[in-house]
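The following exercises are to be worked through in order. Please study the sequence and the structure before reading each solution.

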Amino acid sequence: MKRITLIILVLGTFANAQNTPIKRDSSDVVLDEVLVIAAKKNKIETDMKMAVSVDEFLASSDNISFIKRGAYAWEPLLNNMSTERSNVTIDGMHIFGACTDKMDPVTSYVETNSLSDIDVKSGQEGSMHGATVAGSIDLKRKSTAFGIGQTWNGAYQAGFEFNNNQFFNLGNVSYSSDKLVADGSISYRKAKNYTDGNNDEVEHSQYEKFNTSLGLAYKTTNLSSVRVDAIFDKAQDVGYPALPMDLSLSRALITSVAYKQLFEDKLIKVWDTKVYFNAIEHYMDDTTRPENLVHMDMPGWSTTYGLLSKVNLKTENYASEIQINAYNNLSIAEMRMYPQDYSETTMFAYSWPWVTTRYAGLSMSNSWDISEKSQLNFGGTLGVNYNYSKYIEFNWIFHPGASQEKTRFLPNLYASYKFNTAGFDASVGGGYGHRAPSVSEGYGYYIYNSFDRYDYIGNPDLKNEISYEANASAGFKNKKGGIQAQVNYFYIQNYIIGRILSQGSPMNYQSVGVKGYTSLDHATLFNFSMHANYSILDNLHWKGTLTYARGLDENKNNLPFIRPLSYQTSLHYSYQKFGIRTSFNGDLKQINYSPEYGEDETPSYTNWNISADYTFYIKNYKTVFQLGAENVFNTYYSTYADWGNIPRMGRNIFTSLKIDL
Amino acid sequence: MKRLHFFVIVIFVVVSSCTVEKTDYEAELSTETTEYIEYENVTSITSGDYTINLEALNGTLYKGYNEIHLNIINTVTSEALQNADVTFLPIFTDANGNTSSCPHAYNLKYDATEDYYSGFAVFTSESDTTVSCQLFIAFQVGTQSYAINQPITVEEQTNLNLNMTAFTGSDNEQYFIALVAPQSPGVAENDLVVGIYKYNQPTEAAGTFPDLSQYSYSAVQDYTLFLDPRMPEASMGNHSSPNNVDLTMESDSLYHGVVNYTMTGNWTLNFILQNAAGETLKGTEVSTEFTPGIEGAKSELYIDILF
């Protein structure tokens with residue numbers, strides 16, 4: 001941690017050094033234009049709510065679902081695959097959670113008011129930043145473009161949610177001039193326990209989160225700029241009702257320095273290079289659960305540094321991005337069990353025995369406009385993945401003689417063909433890719449999974465998971481509306497999943513046995529989604545979504561956490577300064593559940609949500625006030641992906657106010 | 001901007017200040033155990049022209065297994081005595097004057113490269129005000145015999161990984177099992193080495209003291225020591241480890257096997273001792289059930305360790 005301080009002090013000084021007197025330069029236009037294009041503005045809000053958490057926003061994406069262990073830090077499943085199979089990055093930077101029990105997915109370390117967009121890519125198209133099977137989720141930070149004059153922008157958002165007394169304040173401000181740009185954000189959320197549809201309080205579902213970010217960019221020449229970014233996130237006293245322990249503190253420091261060079265009248269348009277560093281610490285706390293027989297300390301640390309360098313090439317009908325991506329991650333997790341007689345010696349082991357992961361990859365993505373109607377996208381990555389377990393003797397207990405160092409080559413390839421004419425569009429594509437086992441899958445040691453109640457053991461010599469993927473989409477659009485259907489199918493060789501081991505005995509007292517991460521011969525996954533929208537009137541819009549997925553292992557048994565048929569339908573009506581939205585969403589009964597992995601049949605549910613907003617001006621500042629209710633019927637339900645069948649939130653009335661400054 | 005700078009510094013000082021320190025694993029392993037690898041002088045005895053230097057790990061004799069080195073030097077020529085027949089016999093005397101011995105190597109082996117005579121002793125008790133221990137060392141140079149009787153101190157072994165147990169087997173023989181290695185185990189596969197010895201019951205009444213036939217011990221041959229390590233802590237619910245290997249005799253007359261410790265702390269090595277004929281001399285099968293909150297029953301034959 002001392003090192004971090006040092007780096008930060010250096011960064012801080014550096015940031016200060018950027019503050020040289022602003023000089024006017026009339027020939028900045030090129031850079032400004034390109035940067036404006038780069039800074040794509042998307043609003044992070046859902047149909048229903050304008051003040052959402054990152055999780056709620058991601059949940060509005062068709063191919064993302066969530067494993068929920070409580071009200072906070074949901075684990076995003078992309079294409080119904082868990083986080084080991086997807087790449088979650090922040091502006092392309094790799095970050096890895098420090099919790100062995102996945103209490104801190106990367107998405108829990110950012111806040112909506114510092115993000116401009118979330119870029120979700122399905123399957124091998126998401127392999128640009130590193131090997132993947134499911135795809136990638138890239139959280140894009142706000143980055144204001146250089147302007148001509150000096151401008152200040154900002155927004156402040158506050159709100160209250162009545163179900164769990166969540167109070168939040170989100171503020172962000174940006175400054176832009178022709179030489180210097182600054183983006184800052186600060187946010188604070190605090191929530192108490194929520195109540196379920198039976199009006200029962202769900203204990204240990206409180207949370208508190210503080211997040212702040214700062215980005216400074218300085219234009220070094222007409223065609224180049226330097227940008228320094230930092231995010232600091234701190235969550236404390238976070239309850240996980242589905243788990244036998246809570247979180248006392250998790251902290252992330254995410255920093256980067258980037259240099260961008262633009263080129264005029266050349267094939268190369270932009271060269272963007274970034275070095276980054278992030279450190280995450282995560283301290284679980286089970287003292288809040290007196291029913292626990294054993295008190296355990298379970299701290300975890302994850303430190304990553306990396307390099308990202310990319311060039312964009314563009315000609316009239318061809319665009320390409322070439323990227324070098326390298327990172328080094330060290331993941332450490334400890335467990336210390338306390339005997340009932342505290343005078344006795346404590347019991348210690350590593351659940352991640354100092355595991356280093358190094359990855360270096362060269363990727364390329366190309367887009368070729370064959371004609372005005374058709375486009376070919378293709379690309380690939382060749383990566384080298386290296387793992388090293390410092391205390392390999394932990395892994396040797398279950399896998400004697402397993403390799404301490406392991407180098408893997410990870411190729412990823414994809415191609416897709418898009419065609420559109422007169423409102424119709426269609427695409428077909430395919431992909432092939434490898435991924436390396438995650439730290440837990442490779443080196444995890446007695447990681448307790450409270451879902452199926454097994455202790456999980458990693459295997460350093462697991463084979464690469466190999467995915468063969470096919471996808472297709474078809475759609476139609478006109479002025480009144482559109483409809484779009486997407487399917488994808490994954491055939492995944494050496495699919496990694498936990499299987500009961502005949503040897504060893506549980507370490508965690510709630511556990512019923514030991515499972516080892518094992519490669520199945522193969523598994524298959526099928527995802528389907530359909531999306532339609534229609535403008536009934538100019539100010540009355542309808543939207544509907546239907547998704548279905550099926551996952552099977554080699555013996556045609558169900559895979560866990562596969563979303564049953566789900567639907568969402570919403571109406572939006574606006575009249576002058578008023579807007580009213582209402583939506584129904586739900587899942588059908590989960591018939592295809594997997595008892596082998598601790599799942600049981602989850603009944604169907606339907607939720608009705610409604611919200612209204614009013615836009616007005618306070619001294620020329622646009623202000624929006626929103627009032628709404630989720631789960632209006634106060635339905636008691638839990639979804640297929642609620643860990644341990646914890647009930648979801650009952651009726652929740654929410655209010656929020658947003659002022660654009 | 002200055003303010004910002006200040007803000008940044010303050011934040012990161014806060015960030016870096018209250019981190020939970022990572023565990024120093026190597027230090028963690030050595031809190032309960034100290035590994036001694038250096039042989040140091042325990043005592044030096046002079047007899048005639050010869051000085052005998054008795055060396056043991058850490059310069060101390062402990063209850064349990066001790067490897068000993070004797071270096072015999074001619075004080076006149078300053079040369080080490082080579083290839084002599086050196087005998088070694090430890091004798092305990094209790095308050096009533098009863099004498100007994102313990103498993104030991106009577107005839108010491110000469111090691112030409114290191115110039116010492118090596119052997120071992122498994123001290124079955126510590127020496128204190130009521131129990132004293134003496135070493136009877138004898139050797140011959142030419143026609144001249146030397147016999148030395150040296151009182152020694154046997155200290156308590158605080159490292160439970162060198163613990164021992166003594167028992168009477170179902171064949172009414174007296175057995176001794178002493179842990180030899182590892183001194184400082186890890187959360188790992190550990191090569192477990194133990195010495196298993198038997199008291200050779202005298203067939204005749206004692207002659208003149210010290211009558212060797214009364215104090216005869218030998219390493220048992222081709223026995224099997226079945227191993228089932230478990231954590232005795234109740235909350236660990238009879239937790240065990242996989243891939244352990246039962247102990248069998250190797251050429252060094254010691255028994256070798258593998259024990260896996262899945263975490264640090266208290267462990268019980270549950271044993272079943274079988275002789276070469278496959279007859280169980282001592283020890284019972286233990287439950288393999290995982291019983292959180294309830295301490296698992298130990299075998300009749302076990303040794304507790306801690307690391």
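**Exercise 1: the nonpolar core**

The largest nonpolar core has 177 residues, and V122(B) and V194(B) have the most contacts inside it. Strand β16 of chain A (residues 347-369) gives the most to this core, namely seven residues. A nonpolar core is a set of buried Ala, Val, Leu, Ile, Met, Phe, Trp, Tyr and Cys residues joined through C-beta atoms within 7 Å. A residue is buried if 20 or more other C-beta atoms lie within 10 Å of its own, exposed if 12 or fewer, and partly exposed in between, with C-beta atoms placed from the backbone. Strands (E, at least two residues) are DSSP runs numbered from the N terminus, as are helices (H or I, at least four).

This is a predicted model: local features need pLDDT of at least 70, side-chain atom pairs count only at pLDDT 80 or more, and totals for chains, interfaces and linings use all residues. Residues are numbered from 1 along each chain as its sequence is written, while chains are lettered from A and ligands numbered from 1 in the order in which they are written.

**Exercise 2: strand β6 of chain A**

Explain why β6(A) is largely enclosed by the rest of the structure.

Step 1. Five of the seven residues of β6(A) (residues 135-141) are buried, so the strand is largely enclosed.

Step 2. β6(A) pairs with β3(A) (residues 86-90) in the parallel sense over five bridges; pairing requires at least two DSSP bridges between two strands. D138(A) is the bridge partner of T89(A).

Step 3. With β5(A) (residues 115-122), β6(A) pairs in the antiparallel sense over seven bridges. Here R141(A) is the bridge partner of L115(A).
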